[in-house]
Amino acid sequence: MKKWTCNLFVCILVTCLMACGKSKAPTDQKETTAKTEGKEQNENKDYKEGVIHASELILQKGVAFWGYDQKLCSALLNEENDLYDFVSEGEFDTTIYSIAIDGTSMYLTTADGLLCLPLDETEQEQSGAQVLDDHSFSNEDFEIYDGNIYFTYGTYLYRISEQGGETKKLEENIEHYQVTSEGIYCLNTDGDLLLVSLDGTERKTLHELDCTGGIFFYQNRAFIMTGKEDHFVYEYTPKTDTVNDISFENTLSPYHEIWVTEDFIYYESEDFKIYRYDLDTGAETLIEVEYDLPDHSYGYMDHATMYYVYSDYVYWIHLDNGESFKLHKNEALENSAPVSQNDQTANNAAMNPESTDSTYHIAEGLGVYNSEGQACLESKHFTLYLPADGDWAYRVMNNTAIELYYVPAYEAGFGGHLVTIQAYDWGDNSYEDDPNYAIAGLSENKKYIALFPTDVQYDANQAEGYTRMYEYVRRIDNSEGKEQNNPFSCY
């Protein structure tokens, strides 16, 4: 079995030494807070100080880490804050999702559970990783604070010690949360803002906001998205327990999260353009970048550069000058050079003349409508008819994929995944590696593929309802002889 932890630890150690000689600003939260002293808004404590946020790509002392199926991958940052020297550190027996490092331990959510891997045992093999919790994760992120790990599974909020032991359920019906030094601020399924104590023994409803978007802390205040097509976000100040609106010139996309820094809010509009909002002056600037803003569960912002992973690609965007890079994870491990947005456009045009341009978003104009007793999930690019009483819901995964899930199974923590509809360019047949797919439909510019789950997504209490919905979505198939019953169409 391959030994890899020694290499990983050495990589971190060497990079820490290299970082000492660099002139770039440090990324540690405490140092960042110290750097901003003198601003009125930061005179109070940083509510996120000491909290470690996990995501599918993280930065640790100038090293980026992410998972690619079962591989743990890394890259270094150069003086221009670009990624280089891509390496596979080793391989697990399970799919890797979110990652965090606390001290000399790496924590990972995987398909086999939440794992802890010591980095200071140089002869440690991956088989020595400790399973802290055996939930089967997908893309859930988690947070670490004061020796405990906090995570959601379905709509339940849990806590477990970094050392392992009993997993404690703290709260239910939670959609979004942020761990802070003063407790856990949550948005529940009703859109209410809650404060739950770190041990789960106390809870308080702070405000009824009717929000389904995310909640994001920066220092001494939180920013809350409504989850709707609104032109504002809420600003919540814990010290005074007050909520104010921050209004923007453009309507926000409900499918993309905001990112907040000391001076700016970065947001994506409903027409998928990225803007920078100045927190001091309210002025807005269009950022000419090629790619979307990711969810916080996918990536990391280091000052004005965004690093993240979506599907099979690694991205990084310089939000100060608009330069953007995209690299397939396989190409990265083969030491290929990253592709900038201009080169990408030229390459796509040469290799695939029918490919749509970079403004494509599968959820553009997305809505649910009633049609002759059925529900119609419809965007600019597709229509999907579904049972109106099927207890299903959808979520936009990224700019090319939408997932349907069965709500009772999802809320009970069993996944509830029914089908993912993903758009592929003509010439991209990578979906053929998936063991359970069907061609949903073909348009002039895209192939729409239905990707079905390969494991059980419910328990006995949801079996009847889930099975009914799953049998229905299995009709999504455009192959000969089945197209007449296909509820999906595209254009």
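Analyst: We begin with a definition: a residue counts as buried when its relative accessible area is under 20%, as exposed when that area is over 50%, and as partly exposed in between. The model here is predicted, and in it C211 has a relative accessible area of 2%, so this cysteine is buried.

User: Is C490 buried or exposed?

Analyst: C490 is buried as well, with a relative accessible area of 17%.

User: How many disulfides are counted?

Analyst: In general, a disulfide is a covalent bond joining the sulfur atoms of two cysteines. In this model the count comes to zero disulfides, the criterion being a pair of cysteine sulfur atoms within 2.5 Å.

User: Turning to sheets, in what order do the strands of the five-stranded sheet run?

Analyst: The general idea is that strands of a sheet pair through backbone hydrogen bonds, in either a parallel or an antiparallel manner. Here five strands make an open sheet in the order β1-β10-β11-β12-β13, with antiparallel pairing, and its edge strands, β1 (52–53) and β13 (168–171), each pair on one side only.

User: How do β11 and β12 pair, and what lies between them?

Analyst: Strand β11 (residues 148–153) and β12 are antiparallel partners over six bridges, with I149 of the former having I160 in β12 as its bridge partner. The two strands form a hairpin with two residues between them, and G154 in the turn has a positive phi of about 65°.

User: What happens on the β13 side of β12?

Analyst: Strand β12 (residues 156–161) pairs with β13 in the antiparallel sense over three bridges; L157 stands opposite E171 in β13, while R159 has K168 of β13 as its bridge partner. This second hairpin has six residues between its strands, and G164 in the turn has a positive phi of about 95°. Five of the six residues of β12 are buried, so this strand is largely enclosed by the rest of the structure.

User: Which strands stand at the edges of the four-stranded sheet?

Analyst: That open sheet has the order β6-β7-β8-β9, again with antiparallel pairing. Its edges are β6 (96–102) and β9 (130–133), each of which has a single partner strand, so one side of each is left without a neighbour in the sheet. From one strand to the next, the twist averages 25°. Within the sheet, β7 (residues 105–110) and β8 (residues 113–118) pair over six bridges in the antiparallel sense, and T110 has G113 in β8 as its bridge partner.

User: How many salt bridges are counted, and which residue pairs with K48?

Analyst: Side chains of opposite charge can pair when their charged atoms come close. The count for this model is 10 salt bridges, and one of the pairs is K48 with E143, whose closest N and O atoms are 2.9 Å apart. K48 lies in the loop between α2 (29–35) and β1, whereas E143 lies in strand β10 (residues 142–145), so the pair ties together parts that are 95 residues apart in sequence. Both partners are buried, K48 at 7% relative accessibility and E143 at 1%.

User: Where do R468 and D389 lie?

Analyst: R468 forms a salt bridge with D389, with the closest N and O atoms 2.7 Å apart. R468 lies in helix α6 (residues 463–473) and D389 in the loop between β33 (382–387) and β34 (392–398), so this pair ties together parts that are 79 residues apart in sequence. R468 is partly exposed at 42% relative accessibility, and D389 is exposed at 56%.

Conventions: Residues are numbered from 1 along each chain as its sequence is written. This is a predicted model: local features need pLDDT of at least 70, side-chain atom pairs count only at pLDDT 80 or more; totals for chains, interfaces and linings use all residues. Side-chain values use heavy atoms; hydrogens and water are left out. Two strands pair if DSSP finds at least two bridges between them. Axes are lines fitted to C-alpha atoms, for helices over the stretch in contact, and angles run from 0 to 180 degrees between N-to-C directions. Buried means under 20% relative accessible area, exposed over 50%, partly exposed in between (1.4 Å probe, protein chains only). A salt bridge is a side-chain nitrogen of Lys or Arg within 4 Å of a carboxyl oxygen of Asp or Glu.
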